Amino acid sequence: PFPGYRVEDVDGDGLREVLVETGTIGSVGAGPQRTYLLVYGWDGRVLALEEETVTSGEHPIHLLNDADALLEEGAYAEAIARYERSYTDPDLDRSASWAEEGWEVALEAYARFRQVLAWALAGDRGAAGEAYEALVEDLGDDPDAERFVDLARTFWGALEGGDADDACRAVCERAGGMEWGPDVPLNAFGYANRAYGPDDMCPAVPAEG
């Protein structure tokens, strides 16, 4: 929405590029948003995207949305790194939107739960076990982390007696008994960001429709 455009030779090769500065949705309900500078250059046939740079502050929810997309694509190493950054990068924008107090702990618990999933789906049960044990030790007694620690425990318990698909089915079933409204911190960052439900909690099992 509300983009800005410039045409200039940014790389000094005598050919001009089209620079698009993306805008934001002008609504508080949209939540925290990212803006980008997109550079399109002529490739001999069309104007193709050559570079994409984030030009705004990034929020943890943005990194979680990105990491989840990577996980669902099977890019496990990249997803794990993005999850890690979501709760360790001190330079992220941590404005609260309409999330209730404790949302940072909740999002960290979600990210660490997803790291357990990613390691397991990548076939490294040793790393998955280490991530699980660290999550339970660090956040297992924190009420703000309870939802995602619960799902992690469900996943790990089912994984020990079966495979990742079995464990994911158990997670989705467990999550199906939970409420998933905007009061859940994962869903408290506006309609410009992803909304989650129980079928999103474990990507090894496709959502039923």
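In the predicted model, E58 and R34 form a salt bridge (a side-chain nitrogen of Lys or Arg within 4 Å of a carboxyl oxygen of Asp or Glu), with the closest N and O atoms 2.9 Å apart. The pair links distant parts of the chain: E58 lies in the loop between β4 (47-54) and α1 (60-73), and R34 in the loop between β2 (17-21) and β3 (36-42), 24 residues apart. Helices (H or I, at least four residues) and strands (E, at least two) are DSSP runs, numbered from the N terminus. Both partners are classed by relative accessible area, where buried means under 20%, exposed over 50%, and partly exposed in between (1.4 Å probe, protein chains only). By this criterion E58 is buried at 15%, and R34 is buried at 16%. The two residues also belong to a network of salt bridges that links R34, E58, D66, R82, R85 and D89.

Residues are numbered from 1 along each chain as its sequence is written. As the model is predicted, local features need pLDDT of at least 70 and side-chain atom pairs count only at pLDDT 80 or more, while totals for chains, interfaces and linings use all residues; side-chain values use heavy atoms, with hydrogens and water left out.

R174 forms a salt bridge with D150, and the closest N and O atoms are separated by 2.7 Å. R169 and F155 are 14 residues apart in sequence, and their C-alpha atoms are 8.7 Å apart in space.

A further salt bridge joins the side chains of R6 and E8, at an N to O distance of 3.0 Å. R6 is partly exposed, with a relative accessible area of 32%, and E8 is likewise partly exposed, at 32%. Side chains of opposite charge can pair when their charged atoms come close. A search of the whole structure finds 15 salt bridges, among them the pairs R6 and E8, E58 and R34, and R174 and D150.
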